[in-house]
Amino acid sequence: MGDFEALPMSVESVDSVVTTSQRAMRPKTRVRKSGRWFPLFLIVPSILFILLVVVFPLVYSLYVSFTPYTLLKPDSLAIRWDDVFRNYRRLIEDDIFWKAFGNTIIYLTVTVNLQLVLGMGLSQLLARVTRGQSLLRTMLMVPMMFAPVLVGFQFGWFFNTTLGVVNNALSDIGLIQQPIAWLVDVPLGLISIMIADIWMSTPIVAIILLAGTLSLSSEPFEAAEVDGATAWQKFRYITYPMLGPFITIALTIRSLDLSRAFDIAMIMTGGGPANRTELTWTYVFKLALVDRKFGLGAAMSFITVIITVGFTFYLFRQLIKSRVVY
Amino acid sequence: MLHYRTDLYEDPANQAPLRKKYGYDLLPPETWQQVSDQATFFTKPGENFWGTQWAGKDEALNGRFMELLQANGGDILSADFHPIFNNEVGVKTATWLHDLYQAGVLPPDMTNYVWPEVANNFCNGSIAVYTEWYGWYSYFQDPKSCPAVAGKFGLVRAPVGDAGRHSGWAGAHGYSIVGSSKNKEAAAQLIKFLTSEFVLTEESRQGTLPVRDDVWARVIADAEASTNPLDKQRLEIAQVQISEDFTTPPLISDWLAVSNIVFPAVQEILITKDIDIQARLDQAAKDVEQLLDDAGYYS
């Protein structure tokens with residue numbers, strides 16, 4: 001009994017319990033030891049697990065990032081002390097790395113914003129639907145059910161210059177005379193990938209915002225109606241500010257998703273042609289897994305993660321600053 | 001081997017104007033220069049029709065660049081693994097590709113193509129003449145899969161370049177038994193079976209090329225019985241190419257990493273209107289040199 005009662009308490013309280021009641025029966029040291037270590041002992045498995053799957057790979061990949069390690073040459077897994085920061089220096093001097101990085105920022109910013117605007121529009125329209133809303137909601141979610149790789153293949157064919165449905169439709173209705181190289185020209189390549197992602201992921205934003213809209217209390221809207229507010233005023237001064245937390249959630253999910261964008265871009269353009277649509281993770285994939293330069297790939301992953309965390313931190317500071325608290 | 005559309009080449013409406021323009025009869029091209037002439041002649045971009053095409057990314061583009069270089073007397077790497085694709089021949093070959101793309105003779109999104117896209121374009125009837133793998137033959141000849149070209153194309157040996165050499169980038173799939181195999185005897189039996197006359201004959205009937213002489217003799221004899229003379233011609237051309245033209249890329253483990261430096265450079269040269277081709281090739285050569293130096297090829 002005494003042992004169990006003592007468990008959640010601090011060492012001092014254990015002492016006091018023991019002093020007042022049963023000092024003679026139980027040696028003080030034994031209670032203190034088990035009281036201190038038992039809780040720790042209980043979480044040992046999870047600590048070991050985290051060490052094994054999170055901390056060890058992280059530290060190991062940090063080590064690898066300082067070596068010229070390539071998979072086919074096991075001997076290369078050793079730091080060259082004459083030039084420790086070699087991988088990092090090479091990347092910082094690498095134009096493609098910076099291009100990939102710039103592309104990722106543009107891709108993230110434009111896509112997230114468009115998804116937010118479109119998602120907001122869809123959610124407000126859906127919120128007005130009185131009959132068959134659940135059916136429409138389910139239909140809206142269809143794009144989310146496709147694997148991103150399939151979305152990539154699908155849009156890759158859509159935008160194919162010779163056989164694609166987009167060019168064929170445009171030329172059939174006489175809008176273009178010469179076929180457009182959607183996946184080649186700048187900035188059409190990146191735009192095509194953005195369109196695929198917007199098609200696939202806008203529903204997520206719309207569903208989150210719809211849930212938010214439906215959860216708002218009706219009183220402010222009724223009051224606004226009485227005061228003769230227009231529909232736009234109701235949206236601008238009531239719905240939008242009250243949806244603030246939901247917008248933040250949607251933005252967070254999408255930004256994190258997009259900052260690790262890979263699959264759709266890899267299938268549609270593979271980062272090409274000539275690195276025109278290279279994103280950070282398509283480039284890491286090429287360095288680490290195609291060229292098997294694990295050292296360079298690890299270094300680039302670290303730089304990317306650090307900059308992404310910094311960027312996300314900045315983004316949310318600005319976001320929170322700009323939000324009015326009600 | 002080179003695939004060309006017989007309906008276009010045999011059409012008198014094409015023969016006379018081509019002779020007038022280039023001063024020779026419209027026959028399947030024997031040189032890469034003729035390929036570019038004829039491809040330019042046939043291109044009709046407004047009608048979704050291009051003269052020629054290549055797979056335009058990854059090792060597929062690098063391999064095509066390599067075979068064009070070799071036909072012109074150049075190569076990607078020298079015998080001691082130093083990059084030489086930025087020499088005079090390299091610049092000339094890259095410029096030739098650049099000019100074709102910029103003239104609109106190649107499909108504008110060619111740089112996104114690998115094998116399925118290239119084959120689909122030909123099957124769809126959008127390409128006049130190009131080099132292609134042997135294996136699509138039965139697919140192209142089937143009116144159900146490719147009504148636009150079935151029975152309307154011919155095959156010839158790949159063209160020669162400036163050096164008088166036929167291009168022929170190739171490789172074969174081989175079998176091996178790993179050292180740690182627990183049952184080497186059974187593995188050897190399996191390989192013997194897979195490379196037996198019976199299995200290879202069956203496979204060759206699906207379109208792949210055999211590696212055994214007895215199977216060659218048999219499939220050519222079979223093809224003789226076919227009503228389509230092209231069935232036999234195809235095998236005879238393939239046999240010549242295998243024995244005389246085929247070159248594999250250097251058999252080094254870093255080849256794909258080399259390829260991943262070269263092909264984006266070739267892509268950039270293709271699609272960029274104003275580009276210093278020599279400078280772009282020099283830059284890629286420098287990167288290849290650094291890569292192979294790191295990997296210990298020069299020490």
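**A helix pair in chain B**

I started where Glu197(B), Leu200(B), Thr201(B) and Ser204(B) of α9(B) meet Asp214(B), Val215(B), Arg218(B) and Val219(B) of α10(B). I called two residues in contact if their C-beta atoms, placed from the backbone, lie within 7 Å. Sorted by class, this contact has three nonpolar, two polar and three charged residues. For the classes, I counted Ala, Val, Leu, Ile, Met, Phe, Trp, Tyr, Cys and Pro as nonpolar, Asp, Glu, Lys and Arg as charged, and the others, Gly among them, as polar.

This is a predicted model, so to speak of local features I needed pLDDT of at least 70, and side-chain atom pairs count only at pLDDT 80 or more, while totals for chains, interfaces and linings use all residues. Residues are numbered from 1 along each chain as its sequence is written, and chains are lettered from A and ligands numbered from 1 in the order in which they are written.

Next I checked the geometry. The axes of α9 (residues 197-205) and α10 (residues 213-224) of chain B come within 10 Å and cross at roughly 45°. That makes α9(B) oblique to α10(B); angles under 35 degrees count as roughly parallel, over 145 as roughly antiparallel, 65 to 115 as roughly perpendicular and the rest as oblique. My axes are lines fitted to C-alpha atoms, for helices over the stretch in contact, with angles from 0 to 180 degrees between N-to-C directions.

**Ser36(B)**

I then turned to Ser36(B), which lies in helix α3 (residues 32-42) of chain B. Is Ser36(B) buried or exposed? Ser36(B) is buried, because 20 other C-beta atoms lie within 10 Å; the cut-offs are 20 or more for buried, 12 or fewer for exposed, and partly exposed in between. Beyond its neighbours within four places in sequence, Ser36(B) touches Trp96(B) and Leu100(B).

**Whole chains**

I noted 13 helices and three strands in chain B, against 15 helices and zero strands in chain A. These are DSSP runs, with helices (H or I) of at least four residues and strands (E) of at least two, numbered from the N terminus.

**Where the chains meet**

Last, I looked at the interface: 22 residues of chain A are in contact with 22 residues of chain B. On the chain A side, I listed eleven nonpolar, nine polar and two charged residues.
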